[in-house]
Amino acid sequence: MLVVHDLCKSYQETKVLDRIGFSVDDGDFFGVLGPNGSGKSTLLKLISGVEKADSGQLLLNGTPVENYSRKQLSRSMAVLQQEALPVVNFTVQEVVEMGRYPYQNWMGEEKGNQGQLVDSILHKLDLNRLRDRSLQELSGGERQRVALGKVMAQQPRWLLLDEPTTYLDIGYQIQMMDIIKAWQKEEKLTVIAVLHDLNLASLYCNRMVLMQDGNGIRVGAPKDIMQSELIQRVYGTKPIIVEHPVHLLPQIMLQQGGSFVE
Ligand SMILES: Nc1ncnc2c1ncn2[C@@H]1O[C@H](COP(=O)(O)OP(=O)(O)OP(=O)(O)O)[C@@H](O)[C@H]1O
């Protein structure tokens, strides 16, 4: 379980996180939503231990995140960013193998058979035919799948996603989210995902926090967050909320001229 309690973070004079608090249960697919600049990525940086909070608490299974060593954290937590991989001259297989780094000794050796794990990941992500290709010869969508393969090889308990579908077309977006959801179920992972697409968040997250100016102004299930007045207050545009005919979850429809609707 992750407990975020009264967390504050400022850069210079600007308060970016202002006493935000919520908790994430084991096995949650937890969404972090909010407009540009509301503090989502900063929150993720604090949770992953990349940056330190000014005050407040971040407890991972009852222990403050800062008490975990880098290696401990990278064994239990993986982060997938928007543009997760630079275009470098490594092959797909080599990059996925890099996910094993937290398990290797200083000679780069590891007990057990990592080859089997890497094979199964390449197969699961349909990357087998690309395994010897350089990252430089892949499309953005393919590179994003390789990045996911690398974090899968890390075998984390916690997966932090920062806008993982931003540069993907709708087909790849759903494929990416479906693979993550299936992996989450199979391995009982806990996922915390920053998502701009509220409809995608509603389909995949069981709980979410809606952020505004560094505050978590509401925490709840999709039906608690996807409310027209609330969305208008936070994003400045009034959407129409409808029920998804298949999944029976709230979906938003944007309106032309929606920023003028009272
Ligand atoms: N290293 C930094 N130094 C100074 N200000 C920063 C730094 N990182 C973030 N900020 C500021 O903190 C605020 C929150 O940024 P953050 O990236 O967390 O927002 P976000 O909700 O993820 O935004 P977006 O949706 O646009 O990615 C912004 O105003 C940003 O300019």
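The model is a predicted one, in which local features need pLDDT of at least 70 and side-chain atom pairs count only at pLDDT 80 or more, while totals for chains, interfaces and linings use all residues. Residues are numbered from 1 along each chain as its sequence is written.

The buried residues of H4 (residues 114-124) are Val118, Ile121 and Leu122. Seen down the axis of H4, these fall within an arc of 100 degrees, so they line one face of the helix. They pack against helix H3 (92-98) and helix H5 (140-153), contact being counted when C-beta atoms, placed from the backbone, lie within 7 Å. Just after H4, Asp126 takes a positive phi of about 55 degrees.

Now to the ligand. Its surroundings include Tyr11, Val16, Asn36 and Lys40, a residue being near if its C-beta atom, placed from the backbone, lies within 6 Å. Helix H1 (residues 40-47) gives the most to this shell, with 3 residues.

Finally, the sheet is open, with 4 strands in the order E2-E1-E4-E5 and antiparallel pairing. Strands E2 (14-24) and E5 (63-64) stand at the edges with a single partner strand each, so one side of each lacks a neighbour in the sheet. E1 (residues 2-11) pairs with E2 over 8 bridges, pairing requiring at least two bridges found by DSSP. Helices (H or I, at least four residues) and strands (E, at least two) are DSSP runs, numbered from the N terminus.

Methods: Buried ≥ 20, exposed ≤ 12 C-beta atoms within 10 Å, placed from the backbone. Arc of directions from axis to C-beta. Contact = placed C-beta atoms within 7 Å.
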